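Please look at the sequence and the structure shown here before reading the notes below them.

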Amino acid sequence: MSSHNPTMQQERLLKVLVIGDLGVGKTSIIKRYVHQIFSQHYRATVGVDFAFKLLNWDHKTVVRLQLWDIAGQERYGNMTRVYYREAVGALVIFDMTRASTFQAVLKWKGDLDSKVALGNGRPVPAVLLGNKCDQLSTGLCSKLPKLENFTRDHGFVGWYETSAKDNTNIDAAIMCLVESIMAVEEERPPAGDPRDPSVLVLPRFDYNRTGMAGLPGCDGCKKRPLPGRMEMGDI
Ligand SMILES: Nc1nc2c(ncn2[C@@H]2O[C@H](COP(=O)(O)OP(=O)(O)OP(=O)(O)O)[C@@H](O)[C@H]2O)c(=O)[nH]1
Ligand SMILES: [Mg+2]
């Protein structure tokens with residue numbers, strides 16, 4: 001008989017933002033991750049969309065990942081402050097075939113860090129995704145700065161080349177982010193602690209670490225096997 005008792009599991013709700021310029025593939029990445037589907041058809045997101053996925057994180061924790069799919073055009077609007085509230089992590093996405101979307105990455109990261117932070121004032125964990133890597137023949141990639149240096153210098157916890165079309169590195173990138181968020185969560189004070197438990201407690205990321213060693217990814221992902229998937233679907 002297994003000692004595993006699902007009724008004893010606690011659920012953690014993690015609000016994760018998916019941000020980046022128009023058409024970089026935010027919606028496609030979410031649809032690939034949640035529904036295992038991809039469409040060439042482009043329909044711009046208006047405002048914000050939501051999707052969620054349950055992850056059977058460990059024997060005592062279920063993670064409810066709530067993905068906020070923010071329209072690329074929102075960087076020019078004034079709703080991001082509202083959308084970003086209480087987020088605990090972000091995927092910042094650019095299109096590897098369009099240099100302008102890479103240049104916009106720091107604007108999105110700056111917007112994020114100016115509008116949401118962890119309880120100790122540190123930035124929320126963010127992972128950088130260079131999407132549409134199935135189209136590398138278009139040649140922009142060789143012109144990109146070394147992404148491992150870029151990510152470290154600008155406070156990302158990891159980076160990946162992804163393809164929503166080919167399903168490349170989508171799971172790995174999101175697991176990297178969730179690992180980083182959960183590392184923060186584990187530092188939360190226990191319930192009833194006089195320190196305010198309603199405030200998410202903060203990561204102690206060492207952004208200067210050299211663990212990426214020039215390869216995409218993040219240290220956190222290598223520490224544990226991928227969690228099982230329990231169910232998926234839109235809210
Ligand atoms: N080849 C290729 N095309 C992709 C990939 N991801 C997305 N696309 C295409 O890029 C276009 C835009 O994708 P979306 O997912 O709608 O982009 P978005 O970032 O959500 O755009 P907004 O909602 O306007 O901000 C669509 O035509 C997708 O089919 C990819 O990995 N490879
Ligand atoms: Mg979209």
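Predicted model: local features only at pLDDT ≥ 70, side-chain atom pairs only at ≥ 80, totals over all residues.

Residues are numbered from 1 along each chain as its sequence is written, chains are lettered from A and ligands numbered from 1 in the order in which they are written, and side-chain values use heavy atoms, with hydrogens and water left out.

**The ligand and its surroundings**

- Ligand 1 is surrounded by 24 residues, where a residue is near a molecule if one of its heavy atoms lies within 4 Å of it, and the closest are K26, S28, S39, Q40 and Y42.
- By class, this shell around ligand 1 holds seven nonpolar, 12 polar and five charged residues; Ala, Val, Leu, Ile, Met, Phe, Trp, Tyr, Cys and Pro count as nonpolar, Asp, Glu, Lys and Arg as charged, and the others, Gly among them, as polar.
- An oxygen atom of ligand 1 lies 2.6 Å from a polar backbone atom of S39, and an oxygen atom of ligand 1 is also found 2.8 Å from a backbone N or O atom of A164.
- Of the 650 Å² of accessible area that ligand 1 has on its own, the protein covers 94%, with areas taken from the Shrake-Rupley method with a 1.4 Å probe and, for residues, only the protein chains shown counting as cover.

- Helix α1 (residues 26-35) gives the largest share of the shell around ligand 1, three residues; helices (H or I, at least four residues) and strands (E, at least two) are DSSP runs, numbered from the N terminus.
- The buried residues of α1 are K26, I29, I30, R32, Y33 and V34, where buried means under 20% relative accessible area, exposed over 50%, and partly exposed in between (1.4 Å probe, protein chains only).
- After α1 comes Q36, whose phi is positive, near 55°.
- Q40 lies in the loop between α1 and β2 (48-58), and Q40 is exposed because its relative accessible area is 62%.

- T80 belongs to helix α2 (residues 80-84), and T80 counts as buried because its relative accessibility is 1%.
- The side chain of T80 makes a polar contact of 3.3 Å with that of D111 and a polar contact of 2.6 Å with that of K115; a polar contact is a pair of N or O atoms within 3.5 Å, and within protein one must be able to donate a hydrogen and the other to accept it, while residues adjacent in sequence count only if both atoms are side-chain atoms.
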